Amino acid sequence: MIDLHTHSVVSDGTDTPAELVANAAAAGLAVVALTDHDTFDGLPEARAAGERVGIEVVPGMELSCSRQHQSVHLLAYGADPEDLALAEELAMVRGGRTGRLRPVLAKLAELGVPVSEEEVLVFVGSSPSVGRPHIADAMVAAGHVLDRTEAFDRFLADGGPAHVARYAIDIGRGVDLVHGAGGVAVIAHPWGRGREHLLPPSILTELVAEHGLDGIEVDHQDHDPDTRATLRRLADRLGVLATGSSDYHGTGKVDHDLGVNTTDPETYARLRSMISQRAPATGRTGG
Ligand SMILES: [Zn+2]
Ligand SMILES: [Zn+2]
């Protein structure tokens, strides 16, 4: 079993990278990709753990992008963490995350849901950036909401009363940056949470034609069976990868257990060969 989308405590999951890899092995996975938000920081620990427990760890990252001021996620596989253009962009994106903590807390206080910066930082742990899930966890701990879902649905979601727009690059530029760093770019859960209007087939087709988008995450818990079938046909027609993954966050997200969705071995073999073709000839071994 192959699962290409997971998060550790380095972003907003609850397992350390080593725990995540051990849990992946225990769940029967042969291959797992660590794809923390906007950072490569968990990869060395994950790879070392992979060698110990005997499963393959794919170096990944989930880049926060936007389209029409709404957030869109892009999975990068095998991208070089040392690539300057990508590293600079990641620093801006992470700065944008931390930079909007105070404005979001100010809005929450106005809405009668006060949470302090200290209360949020308790949940940030070793993560290099502060994200909305951390704020949601603090809201749960303060007893304002029952769980992360309620915090997002009532306050934090894009367009919600406590939402503050953040720095983000357009998805097309995101694909270019990932390619520039030698990586393979797969759009994450494109039609989850009502995003069909934002990324209709015409836009996905344009991203493939003009930016060389490499794949579409088809099997994801945010996609119902009809959505999956439509996206799979689209990916086949465009000749791009159709992946499946859990988007595991440890105990931070229910119904996203490791291996709940998987990528078939042929698709993974194509992904691997794309990664090795893109690796610069400077001795780097596929990221
Ligand atoms: Zn995502
Ligand atoms: Zn994710």
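**Largest pocket.** I first looked up the largest pocket of this predicted model and found a volume of about 1000 Å³. A pocket is an open set of points on a 1 Å grid where a 1.4 Å probe fits, with protein on both sides within 12 Å along at least five of seven lines, and lining residues have an atom within 4 Å of a point. The volume is the space filled by probe spheres set on the points. I noted 44 lining residues, and Pro133, Phe152, Arg193, Asp222 and Lys253 are the closest to the centre of the largest pocket. Strand β4, helix α6 (132-141) and helix α7 (148-156) each supply at least two residues of this lining (DSSP runs: helices of at least four residues, strands of at least two).

**Conventions.** I number residues from 1 along each chain as its sequence is written, and I letter chains from A and number ligands from 1 in the order in which they are written. Local features need pLDDT of at least 70 and side-chain atom pairs pLDDT 80 or more, whereas totals for chains, interfaces and linings use all residues; side-chain values use heavy atoms, without hydrogens and water.

**Second largest pocket.** I found about 160 Å³ of space here. Of its 13 lining residues, Ser66, His69, Ser71, Arg166 and Ala168 lie nearest the centre. Both β3 (56-67) and β4 supply at least two lining residues, and β3 gives the most, with three. By class, I recorded three nonpolar, six polar and four charged residues in the lining of the second largest pocket.

**Zinc ion (ligand 1).** Which residues coordinate this ion? I found Glu62 (OE), His73 (ND1) and His189 (NE2), at 2.1 Å (donors are N, O and S atoms within 2.8 Å of the metal, or 3.2 Å for Na, K and Ca). Along the chain, the donors follow the spacing E-x10-H-x115-H. His73 sits in strand β4 (residues 70-77) and His189 in the loop between β6 (184-187) and α9 (201-211), so that distant parts of the chain, 116 residues apart, are linked. I checked both histidines for burial: His73 is buried, with a relative accessible area of 17%, and His189 is buried at 14% (buried is under 20%, exposed over 50%, partly exposed in between, with a 1.4 Å probe).

**Zinc ion (ligand 2).** I listed His5 (NE2), His7 (NE2), Glu62 (OE) and Asp247 (OD) as its protein donors, 2.1 to 2.3 Å from the ion. Their spacing in sequence is H-x1-H-x54-E-x184-D. His5, in the loop between β1 (2-3) and α1 (17-26), and Asp247, in the loop between β8 (241-244) and α11 (265-278), are 242 residues apart. I recorded both His5 and Asp247 as buried. Glu62 coordinates both zinc ions, ligand 1 and ligand 2, which are 3.4 Å apart.

**Nonpolar cores.** I looked for buried Ala, Val, Leu, Ile, Met, Phe, Trp, Tyr and Cys residues joined through side-chain atoms within 4.5 Å. The largest core holds 48 residues, among which Leu74, Ile187, Leu204 and Ile216 touch the most other members. A second, separate core has 20 residues, including Val104, Leu105, Val120 and Val164.

**Ala109.** I located Ala109 in helix α4 (residues 101-110). Ala109 is partly exposed, at 44% relative accessibility. Its C-alpha atom is separated by 39 Å from that of Ala185, 76 residues apart along the chain.

Methods:
Ala, Val, Leu, Ile, Met, Phe, Trp, Tyr, Cys and Pro count as nonpolar, Asp, Glu, Lys and Arg as charged, and the others, Gly among them, as polar.
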